[in-house]
Amino acid sequence: MTVSAPAKVNFTLDVFAPRGDGYHALRSVVMPIALADELEIEESDDFITDTGYGDDLCLKAARALDSERGVCVRVKKRIPVGGGLGGGSADAAAVLLALNEMRGLGLPRERLAELGAQVGSDVPSLVMRSPVLMEGRGEKTTKLEAPCFELVLVNPGVNCSTREVYAACANRSPDSASPTDAMVAALAKGDFDAVAAALSNDLEAPAMRLHPEIAAVKSALCEAGAERVLMSGSGSSVFALARSREAARELAGEMSARGFSSWATHTLGNNMV
Ligand code: C5P
């Protein structure tokens, strides 16, 4: 079976104090995007992949579903690796969804999301295949209604260590106003300016301190005409909201001309396959 594995961007990411398990408590609006890996999945006697990663998330996902039934996964990689776009998690989510269908298991999304939580923090959100409010360390997801947004993505070409960026983050106090609440309200209104104003990521400042290249990309995007620019996840990818597909293409072209790896893409709405 050949399936698509869409990446994500975080429109918000509120980071609170670590919980008992060492993971920070999060609140985030996670938006799936059109930029996707393509996976070919077949039943197999073994657990095999061509990604070359020792801790391959595709195989962890297949094992979480059924440790006895092997699978062979080939990945056509289009999502930049280590970029805050959930690339490895997107592949793991796609494996869970595909095997559920191929094997006629009929497991509900909520069960697949629970299994995904054993694989990585971003997997439950990506299994939902919808804009979601993500809470806890990622295991709690609530679907959100949201229009599609045109985006320009830029990869600064540096690899952020998720652990290092979280460790450098000053945790949000539990009673501070939540940027994620403001974003949920802005999305419900479907208002571009309100959404642009509510974009927020607590990991952006620490990631930029660790990797000044991220700040340089943000400046370049603003110089090229972007209105609102934010880092996604724990970095290093940065995205800009655009008001039309044409504006996104123009901005991506301008960034490519300046020597940056950039893509024009868009967020995906609810209930996509
Ligand atoms: O979930 P994942 O394995 O991608 O996380 C990598 C590291 O990022 C964790 O080991 C932890 O140090 C940090 N992290 C965190 N709180 C989260 C998610 C990740 O502290 N909610």
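Modeller: A residue is called buried when its relative accessible area is under 20%, exposed when that area is over 50%, and partly exposed in between. Please keep in mind that what we are reading is a predicted model.

Biologist: With those cut-offs, is W263 buried, partly exposed or exposed?

Modeller: W263 is partly exposed, because its relative accessible area is 26%, which lies between the two cut-offs. This tryptophan is found in strand β11, residues 261-266, and, leaving aside residues up to four places away in sequence, W263 touches L35, P80, L151, V152, L153, N155 and A252. The C-alpha atoms of W263 and L133 are separated by 25 Å, and the two residues are 130 apart along the chain.

Biologist: And how should I read R129, which has a positive phi although it is a residue other than glycine?

Modeller: Phi of R129 is near 50 degrees, and the residue lies in the loop between α4 (123-128) and β5. Despite that loop position, R129 counts as buried, because its relative accessible area is 9%, which is under the 20% cut-off.

Biologist: Turning to the strands, which partners does β2 have, and in what sense do they pair?

Modeller: Strand β2, residues 24-44, pairs with β1, residues 2-18, in the antiparallel sense over 13 bridges, and here the bridge partner of T2 is E40. Strand β2 also pairs in the antiparallel sense with β4, residues 70-76, over 7 bridges, where S44 has G70 as its bridge partner. With β5, residues 132-136, the pairing of β2 is again antiparallel, over 5 bridges, and S28 stands opposite M134.

Biologist: How many residues lie between the strands in the hairpin of β1 and β2, and which one takes a positive phi?

Modeller: There are 5 residues between the strands of that hairpin, and G22 takes a positive phi near 90 degrees. Another backbone feature to note is the peptide bond from G235 to S236, which is cis, with omega near 15 degrees; S236 has its place in the loop between β9 (229-231) and β10 (238-242).

Biologist: What is the general idea behind a nonpolar core?

Modeller: In soluble globular proteins, nonpolar side chains tend to be buried together. In this model the largest nonpolar core holds 54 residues, of which F11, L39 and L241 touch the most other members. Helix α2, residues 87-102, gives the most to this core, with 9 residues. Apart from it lies another core, of 31 residues, among them V15, V30, C160 and A207.

Biologist: Which residues does L39 touch, if those up to four places away in sequence are not counted?

Modeller: The contacts of L39 include M1, T2, V3, A5, C58, V73, V75, A94 and V95, and also R74 and D91.

Terms used: Residues are numbered from 1 along each chain as its sequence is written. This is a predicted model: local features need pLDDT of at least 70, side-chain atom pairs count only at pLDDT 80 or more; totals for chains, interfaces and linings use all residues. Side-chain values use heavy atoms; hydrogens and water are left out. Two strands pair if DSSP finds at least two bridges between them. Helices (H or I, at least four residues) and strands (E, at least two) are DSSP runs, numbered from the N terminus. A nonpolar core is a set of buried Ala, Val, Leu, Ile, Met, Phe, Trp, Tyr and Cys residues joined through side-chain atoms within 4.5 Å. Buried means under 20% relative accessible area, exposed over 50%, partly exposed in between (1.4 Å probe, protein chains only). Contact means heavy atoms within 4.5 Å.
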